Amino acid sequence: MKEMHKDLERAVDRAVFKTEEPEKIKRLFTRSFDAWERETATLGGYLRDIRLLRGLTAEECAQRVGVSRARWQSWEADRETPTETDLCSLCRGMEFGERKREELFNLKARAPRNRLLAISRLRPELLAARGVAKLESSLEWKKLPGEVQKALMAWGKQIGLSSFAEVMEFFTSLPDEEAREAWVDEVLERLG
Amino acid sequence: MVKRLNEDRDELIQEFDLRYPRLKNGRPSEKVESVLTDICGFHVVDEPLVPGQLAVCDFSSRTVIVNSDMEQLAHHKTNVELLRLSTLAHELGHIRLHWEEMASGCSLHYLGDTGQFADSRSYQKEREADLYAGLFLVPLRELLEQRGVQNLLRSKIDKKQMSVGTLWNLVYREASRFKVSPTLMKRYFLEMRWVRQGPTRKSGLRELRVRF
C-alpha cells in the first residue's frame, strides 16, 4: 500500500513538474511562487489575482466597476494607474472590504516606483524592428505621470542627458535588477 | 499541421470552459481575449501604435498591445471589433506556436500583406499564426458543415472552377456567420489550400480561384 502511494506521488511529480528529483521540484516550486509574488506585488497584479480567484472575466469586472474593458485591462497590466475616485468605485463595484481597500491604496502609492521599474526593464532592441523602437519609447514616456517625467529629466540633466530618448536609453541599459532598483530609488528621492 | 493546431485550440477552449462554465456556449471569438489573458497569462492593452500596425506581441513583458486607432487604419466598411478579435487570435497563434523562437523578442502584426519580412521564416510564422487564428475562431468541423464550403470542396475535387464573385460571397458569408473579419476568413481558405489568390481586378477585389 505504502509502495503504491509512493508510485502515485512519483507519477504526480512527473506529470506536474516533469521530474522526480526533489531538489529540482523545490527549485521549480520556489521559482513559480516567487514569480507569483512578484506579479501580485503591483496594483495591477493584485487586481488580476483577485479577479481570477473570483472566476470573473476582465469584461465582467469592467462592467461591475463601470469602466471600459480596455481601461480595466490597462489597470491590470499596470500601464495606467487608477485615480483615487476610480479606486473608490472599484472597491464599491467589486464589493471589497476594508482590508482590500487599504491594500489597494498602499499599492497605488507604490505605483510610480513599479512603473519606473517596469520601464527600466523594457528592452528597446526587441522593438527595434522596422523603426518601431523610437515610437514605442516615446509612447512609454507619455504614459509616465508629469511629475515623474520632470524628475527624470532633472535627474538626466545632472549626468548630461538632455532628451527623453537619452534618458530612456540610459535606464533601459541598466544591467540588472539591483542596478534598476538603486536607480529608481535615486529618481524617487528627487520627487520627495 | 492542421490536426496539431486543432488539438491545441481544443485544449485551450477546454481550459476556458472549465474556468468559466457559464460562458461555455459562447462563440470562440467571445473567448479569445480571456484565453490570452487568463489561460496564457498575457496582458492585452489597447494603445496607439505606429500607423498600419495592428498589434505588437511583446513576449518579454507578456503583453499584447492592440492598436487603439484601428478604425483609422481600416477600410471604412470594416467592422473594427471583428478586426480586433481576429488580430488577438493571430497573436494567440504566435504565443502558442512560436513561444520558444520568440520568447526573447516580439512580433509585429501589420495590416494587409505589405510588410517586408526579414527572412522567409518570419513570413512563414505570420502565415502559421493566420492559420491558427482561423482555426481558433472558426472550428473546422463547423465550417465543413456549411453548404457553401461543401460546394467549394466538391468543385476542388471535381476540378470545376467557381466564379470569383461566388467565392468572395462565400468568404463574406462565412465571415459574418462566424463573426470574424473577411480578411481572416480569406486567409483561412488560402492556408487550407482551398483557394488561390490572383491579381487585383478592376472592381478592386483580388481574384480568388478554386485551388486544384
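## A loop proline in chain B

B:P48 counts as partly exposed because it has 14 C-beta neighbours inside 10 Å. The cut-offs: 20 or more other C-beta atoms within 10 Å means buried, 12 or fewer means exposed, and in between is partly exposed, with C-beta atoms placed from the backbone. B:P48 sits in the loop between β1 (43-47) and β2 (53-58) of chain B. Helices (H or I, at least four residues) and strands (E, at least two) are DSSP runs, numbered from the N terminus. B:P48 and B:V66 are 18 residues apart in sequence, yet 7.8 Å apart in space, C-alpha to C-alpha.

This is a predicted model: local features need pLDDT of at least 70, side-chain atom pairs count only at pLDDT 80 or more, and totals for chains, interfaces and linings use all residues. Residues are numbered from 1 along each chain as its sequence is written, and chains are lettered from A and ligands numbered from 1 in the order in which they are written.

## Chain B and its domains

Chain B has 10 helices and 6 strands. Of its 212 residues, 40% count as buried.

The domain assignment gives domain 1 (1-137) and domain 2 (140-212); such bounds come from an automatic or database assignment. In chain B, 15 residues of domain 1 are in contact with 9 residues of domain 2. Contact means C-beta atoms, placed from the backbone, within 7 Å. On the domain 1 side, α4 (80-97) and α6 (120-137) of chain B each give two or more residues. α6(B) gives the most, with 7 residues.

## The nonpolar core

The largest nonpolar core has 50 residues. Such a core is a set of buried Ala, Val, Leu, Ile, Met, Phe, Trp, Tyr and Cys residues joined through C-beta atoms within 7 Å. B:V32, B:V64, B:L88, B:L92 and B:L137 have the most contacts inside it. Domain 1 and domain 2 of chain B each supply at least three residues to this core.

Leaving aside neighbours within four places in sequence, B:L88 touches residues including B:V32, B:V44 and B:V66.

## Two helices in chain A

Helix α4 (residues 58-65) and helix α5 (residues 69-76) of chain A pack at about 105 degrees, with axes 8 Å apart. So α4(A) is roughly perpendicular to α5(A), a label for angles of 65 to 115 degrees. Axes are lines fitted to C-alpha atoms over the stretch in contact, and angles run from 0 to 180 degrees between N-to-C directions. Among the contact residues are A:C61 and A:V65 of α4(A) and A:W72 of α5(A).

Note on methods:
Contact = placed C-beta atoms within 7 Å. Parallel < 35°, antiparallel > 145°, perpendicular 65-115°, else oblique.
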